[in-house]
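Please look at the model below before reading the points.

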4 protein chains.
Amino acid sequence: MKALVFGGPGQRSWDNVDDPGIGEPTDVIVKVETTTICGTDLHILKGDVPAVTEGRILGHEAVGTVVETGAAVSSLKKGDRVLVPAITSCGRCGPCKAGMAAHCEAVGGIGWIFGHLIDGVQAEYARVPYAETSVHAVPEGIADEQVLFLADILPTGYEIGVQNGGVGPGDTVAVVGAGPVGLAAIMTGAIAGASRIIAVDLAESRLRHAEACGATHTVVAGDDAEERIAQITGGEGVDVAIEAVGIPATFDLCTRIVKAGGTVANVGGHGAPTTLHLEELWIKNITITTGLVSGSTVPTLLQLVRDGRIEAEKLGTHRFPLDDIMEAYDVFAAADENDALKVVLTA
Amino acid sequence: MKALVFGGPGQRSWDNVDDPGIGEPTDVIVKVETTTICGTDLHILKGDVPAVTEGRILGHEAVGTVVETGAAVSSLKKGDRVLVPAITSCGRCGPCKAGMAAHCEAVGGIGWIFGHLIDGVQAEYARVPYAETSVHAVPEGIADEQVLFLADILPTGYEIGVQNGGVGPGDTVAVVGAGPVGLAAIMTGAIAGASRIIAVDLAESRLRHAEACGATHTVVAGDDAEERIAQITGGEGVDVAIEAVGIPATFDLCTRIVKAGGTVANVGGHGAPTTLHLEELWIKNITITTGLVSGSTVPTLLQLVRDGRIEAEKLGTHRFPLDDIMEAYDVFAAADENDALKVVLTA
Amino acid sequence: MKALVFGGPGQRSWDNVDDPGIGEPTDVIVKVETTTICGTDLHILKGDVPAVTEGRILGHEAVGTVVETGAAVSSLKKGDRVLVPAITSCGRCGPCKAGMAAHCEAVGGIGWIFGHLIDGVQAEYARVPYAETSVHAVPEGIADEQVLFLADILPTGYEIGVQNGGVGPGDTVAVVGAGPVGLAAIMTGAIAGASRIIAVDLAESRLRHAEACGATHTVVAGDDAEERIAQITGGEGVDVAIEAVGIPATFDLCTRIVKAGGTVANVGGHGAPTTLHLEELWIKNITITTGLVSGSTVPTLLQLVRDGRIEAEKLGTHRFPLDDIMEAYDVFAAADENDALKVVLTA
Amino acid sequence: MKALVFGGPGQRSWDNVDDPGIGEPTDVIVKVETTTICGTDLHILKGDVPAVTEGRILGHEAVGTVVETGAAVSSLKKGDRVLVPAITSCGRCGPCKAGMAAHCEAVGGIGWIFGHLIDGVQAEYARVPYAETSVHAVPEGIADEQVLFLADILPTGYEIGVQNGGVGPGDTVAVVGAGPVGLAAIMTGAIAGASRIIAVDLAESRLRHAEACGATHTVVAGDDAEERIAQITGGEGVDVAIEAVGIPATFDLCTRIVKAGGTVANVGGHGAPTTLHLEELWIKNITITTGLVSGSTVPTLLQLVRDGRIEAEKLGTHRFPLDDIMEAYDVFAAADENDALKVVLTA
């Protein structure tokens, strides 16, 4: 089959490789019908994720059809259309039972293994371990593209941004960073009842996307962002500040705009430590949360898609045949100049 | 001043009465600018609420302006525009501190005293006890009618229906009874993220209102209602069933349509006991809640109105000058034939 | 092997039967080392549970050792010492993922299948389906008897009584019915921080056990129980009333002694409907919960046993060799005259 | 009357000053019968709290008797025995209604005003503003000393440590810093059901107090503390780490010992920023909380004292007549050499 193979830093190719086969009785093989590229894939290509070795097939978001099932698989069968999420869940370890597959012990303490520790889903076929506890049936009548982004960015924005932030009816929420995950937080924050959603980003184009996803206010990132947010909130600050960038400056901004009693929900992946101003924050009754997505809310998100409450496909701005994935990578790597959010690759 | 005076069962009049004055240092006097009539007022007129004595001014929902303040009042001043809610809260007893002013001990264990145990707000002026812990400032730029129904039916639907029911993103909710309070539950259930809202009522006209308030499905009450709901939910039942009628048949329906793990939130006021089928329900992992509104969510609802997320004024179908309140009572008492939800009375 | 076989109403025998074998790749076979008898087994023997057919091996609580594993089992191996709980969990259906294995869809919508829909554990060996998602490792250094009752009554009392009731620090809790499950609610209610625990029962002997388990007050069931509880609580009522009997009178008592804002947690299995006084309760802001245990708290309870915070073995009042199970049934069936709580059967 | 007066950095005196009088109709005057000294008072004396001006009477923890009431006070009367807590709550602002009097707007956004922005309670009499929403009746039969520490350190440890940390049954909790507030967290953490409580401190004497308060393990602070905690927890880390010191090193330790999914509850008051290792923590699904006490749990703590579940008086190690407060300050300022926790001053 064909697959997108990592060849070391800076190297990727659309190669012929062996078809995957059932390895464990809990595996299934899925024919990939739709997949996408994640910012994490770009990090891997930069060499930032040393655990990814040469020869690894990338990709951790897919919709497809089951074509083969392991001996222990009873609730999935050939022909089932499934969403293959970024996170693998054994369903039996402590973290999985607690709904925190992000730290599944059976796969090494981190549930993200596709395109990382095992071969991924930017390929014609993929082996899916612990399939029964990991994949989700796609509701009838729903197109691949409507649920594709529920593999990673929607639950990331919802679980790590909106749920960890405790967003509820009437809240004022700031989402700092309006990339795909920030937009997912905006979309799902609106569903959770946020009354005002302030999107903050450097790029005007992303702020326009933010408005399309439900932001009620936009603020161009910069020195006066804090002051602008203070104006919008009448000096009160926000109930929830969602950090969706991953650098010290944006995290720090979040801690300055959150009101007493509020929450900073960190979604961004950070590469460096930050300074936490505990001399100001210790007295302020705030909460700071961090986390990797677990996917525990995918069933809920599927219902919201089924019922037309979430239009996740909006986040797909560019479409390619799967065979053109090399070009899709180029477009996605230059997301800003192409005004790209997510690419959709269809087999 | 003029006021709507209860004269015993079946008797009401728009009478000249003495102006109210400050009684306690925590009182304020409010000039009533907008008020409405509640189904409870009709019950009182039928003689169903014996605690209401002859001569009592009725009404427990108003928007107005503070015209006089007691000696201990520091956070309200003459000229402040306020929402006077149905529930009085002393702010210092155990229930009030716990956010459950419904059972305020300072006013006798039940927070509803306006037009019940003290004179109410269907009048030109009203004395408002424990004003600082009870009333809410109306946000600038918001019309009386936009917030009037936050005095009672909106927080009733939200607190006792939606919050007690634990409605959250993706939920399937049935609201049994699409009168004003049921419609308030539908409106606020949508805000809380419900994915499907099934309205059940006998009257087609109310089901149309339900759709306008956010219901996604409607079911005509009757013998096949349970089956229709089963069809809509694929046989699963609903996550939350909100009872907004107050009779055994509708409560029982709620217990039959709720899924394992779900909640029946009773909002309706009941006059008779019901049969609870514990022989079926004991094993079903369900929750049943009851309650009188406390108004703890009024600040949240005011934010939602301010930000345009709730259009509470939709529930006002008929408008009258306050002086025509006798006619307004006639219209409201025949709500079905007039397709009336709530009347708005303006001074 | 030998097993306790149901022979139809009134009939049981300690028989020679075939050894169980692996049926599905997710099964394990456990050598039973310690087991017990449940009140439910007595109900079955009375013919009250028609789903139990002649020839069925009874029992749903055991500690034992894995002697054989199915092909898909990777996290359990021969020689592992495990607690086999009453509830089977597939780990992959909606209810199981939500922590509500009580309604596991893979085993028919009710997670209790041992000694009910499949052969149980009052036997020398037992087949355990969905083993990896159902059984729990016994901590080192902990005796069988210390964890045996975590198979059913401890999590039942804790999940369905204490957790559903929302028991927390400082609460006043009434536990109506001081049989084994009521005592488990008392033990775990104390752990959850209850300040006062009022045990209510007809039998003085059970009230003594209740005190030994942590009850701070005891009330003999009867006409004046409501008044006695009112005295103890200074007229306020209890925060949480846990029903652990299963008849209308005790359920009704619970609804009368609970304070506004409180919870009635029903644990008892009911055979008949009851009258719910909604005409009084609708305004009272109470919560009523029901449920079958799911076992989601067994890991927590195992930690509490490991750390010496729970002495579950106290509930075992009589000990027998497994071969004497027929006699053990006789003793347990006459629990009151023998002052028996639970019997412990050891292979 | 006599009062402990701040005279600028390093200066304190037991002086004759004017008796306080009713200033607002919501005030009461309390005759102080028992009071204590807080570490914060020592900070003030060092000049670390510039808002405290010369001439200010210090102290914010007292038990006493109401001797005079303002015109608006109806629920308190002369002769009532009350606990005067550290935090003043107006009961009517947004934060107070939300149970977060720590940020009461009526008193300037920070609820701690006694001995800070207004005269305090280390005096024979004290004016208590917003008395009805701030003070608590002392249960009959309970001595002053049993509830004195509920004025500040018990609710601080419970609300900011145990509740913010989400401590529940079965949890493993580390309390870093075994001073009075850390000990309060240990005491109340045990009530909340913690299974293992690991106390960390430099001083062996404090670790002994920790054991007396309920710690199950002790670790001497130092380079190997992290490793020791790892050993105790079998490498897993703790569910909740409570920081009760207020310096970067101890905060950092907490972030290293907390497990995925766990919480760091910061209680210590910090004077400097710290480095937050987001490059490691962003993926770890942890929560960090901060806060000043609000006192919302004082009613709960009073119940636990009344029922003998908390023995708060254990934290009082030294007793003095109020007239000897100058000497009591000397002893408390040299707490380590005197093995002092809290001093009790009795009028």
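1. In this predicted model, 100% of the interface residues of chain D are also interface residues in chain A, so the copies meet through the same surface.

2. An open sheet is formed by twelve strands, with mixed pairing. Its order is E10(A)-E9(A)-E8(A)-E11(A)-E12(A)-E14(A)-E14(D)-E12(D)-E11(D)-E8(D)-E9(D)-E10(D). At the edges stand strand E10 (217-220) of chain A and strand E10 (217-220) of chain D. Each has a single partner strand, so one side of each is left without a neighbour in the sheet. From one strand to the next, the twist averages 15°.

3. Within chain D, strand E8 (residues 172-176) and strand E11 (residues 238-243) run parallel and are joined by four bridges. Which residue is the bridge partner of Val176(D) in E11(D)? The partner is Glu243(D).

4. Helices also pack on the sheet. In chain A, helix H6 (residues 180-191) touches strand E8 (172-176), strand E9 (196-201) and strand E11 (238-243). The direction of H6 makes about 175° with that of E9(A).

5. In chain D, helix H9 (residues 248-257) lies across E8, strand E9 (196-201), E11, strand E12 (258-266) and strand E14 (287-289). Helix H9 runs at about 155° to E12(D).

Definitions and conventions
Residues are numbered from 1 along each chain as its sequence is written. Chains are lettered from A and ligands numbered from 1 in the order in which they are written. This is a predicted model: local features need pLDDT of at least 70, side-chain atom pairs count only at pLDDT 80 or more; totals for chains, interfaces and linings use all residues. Side-chain values use heavy atoms; hydrogens and water are left out. Contact means heavy atoms within 4.5 Å. Two strands pair if DSSP finds at least two bridges between them. Helices (H or I, at least four residues) and strands (E, at least two) are DSSP runs, numbered from the N terminus. Axes are lines fitted to C-alpha atoms, for helices over the stretch in contact, and angles run from 0 to 180 degrees between N-to-C directions.
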